[in-house]
Amino acid sequence: MTRPKLALIGIVNEESKQDFWGTMQRVAEIGYKGIEGGGELLKGDVKANMARFHEMGLQVATHSINKEQLRDEKLLDQVIREALALQTKDITFWWDVVDNREQLLRDAELYNAAGARMKAEGLRFCYHNHAHEFQNVFNGVYSLDILAEHTDPQHLYFRMDVAWITLGGADPAHILRKMAGRVPAIHLKDVYGTDEVGKWTAVGTGVVNIKESIEAATEIGVEWMTVEQDQLRNLTGIETATVSYLNLKEMGLL
């Protein structure tokens, strides 16, 4: 079995604002194979930017979309054009409220329609979870499972965040295996405590079961695993990216 490729999201934002290309070079030198979010690459000559980016050994693992763009045909088409220009397979919607079952079913219709439009262009539409999809349960069923049940597996995939699953009270490895076939990517995040949200820490320095999560991801054919830390703790962005990479390598997971 082939391990998923390792990407990065968000952690080096401050460094990227100062020197995007220099920061990307450092990211590649650490050992990452891609990033999530390629907004900077859409500025100027996109083809030249992508050629330079690929020469570094990096890919765009996903593009992003918000709910307004999902609902508006012209805005959706624009996001699709951007994703194709970035040469990524995926477009990701990062989260939404899941307060009641009726709202979930309405959202499922929206996701199905948008996902069908993306599939027609060779793209995959992904939903990224937080904790509330596991904390909000209707008739004993997770909100996430309701979305999965009421959407076409070819129109909605899931970018599963192992830390948010843990904070939601579920086991990430179990959830990943249950969602096999619909998870092209996972987010690797860690926390040093689950008593409250916000105890983010470098991957491999907290309580999230990173090793078993990656083993499960590998089993089900996940393509990307993306290191993320919502807020930096005691290290800089580059330091956090480096430590997370080295911890994964030390665990034999790269």
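Predicted model: local features only at pLDDT ≥ 70, side-chain atom pairs only at ≥ 80, totals over all residues.
**The largest pocket**

Let us begin with the open space in the fold. The largest pocket has a volume of about 310 Å³. It is lined by 17 residues, and those closest to its centre are N13, S16, F20, I35 and G37. Three elements, α1 (13–18), α2 (20–30) and β2 (34–36), each supply at least two residues of this lining. Among the contributors, α1 gives the most, with three residues. Sorted by class, the lining of the largest pocket holds eight nonpolar, six polar and three charged residues.

On the α2 side the contact uses T23, R26 and I30, which meet I238, A241, T242 and Y245 in α12. The residues of this contact divide into four nonpolar, two polar and one charged.

The other packing joins α5 (residues 73–85) and α6 (residues 101–119), whose axes lie 11 Å apart at an angle of about 40°. That angle makes α5 oblique to α6. The crossing of α5 and α6 is right-handed. Here L76, D77 and I80 in α5 meet A114, R117 and M118 in α6. By class, the contact of α5 with α6 has four nonpolar, no polar and two charged residues.

The table sets out the geometry of each pair.

| Helix pair | Angle between axes | Axis separation |
|---|---|---|
| α5 and α6 | about 40° | 11 Å |

**Two positive phi angles**

Q87 is not a glycine, although it has a positive phi of about 60°. You will find Q87 in the loop between α5 and β4 (90–93). N139, likewise a residue other than glycine, has a positive phi near 55°. The place of N139 is in the loop between β6 (137–138) and β7 (141–142).

Key. Residues numbered from 1 in each chain as written. Heavy atoms only, no water. 1 Å grid on protein atoms, 1.4 Å probe; cavity = no way out; pocket = protein on both sides within 12 Å on 5 of 7 lines; lining within 4 Å. Points joined across faces, edges and corners; volume = space filled by probe spheres on them. Helix = DSSP H or I, 4+ residues; strand = E, 2+ residues; numbered from the N terminus. Nonpolar A, V, L, I, M, F, W, Y, C, P; charged D, E, K, R; others polar. Contact = heavy atoms within 4.5 Å. Axes fitted to C-alpha atoms, helices over the stretch in contact; angles between N-to-C directions. Parallel < 35°, antiparallel > 145°, perpendicular 65-115°, else oblique. Left-handed = near helix turned anticlockwise from the far one by under 90°.
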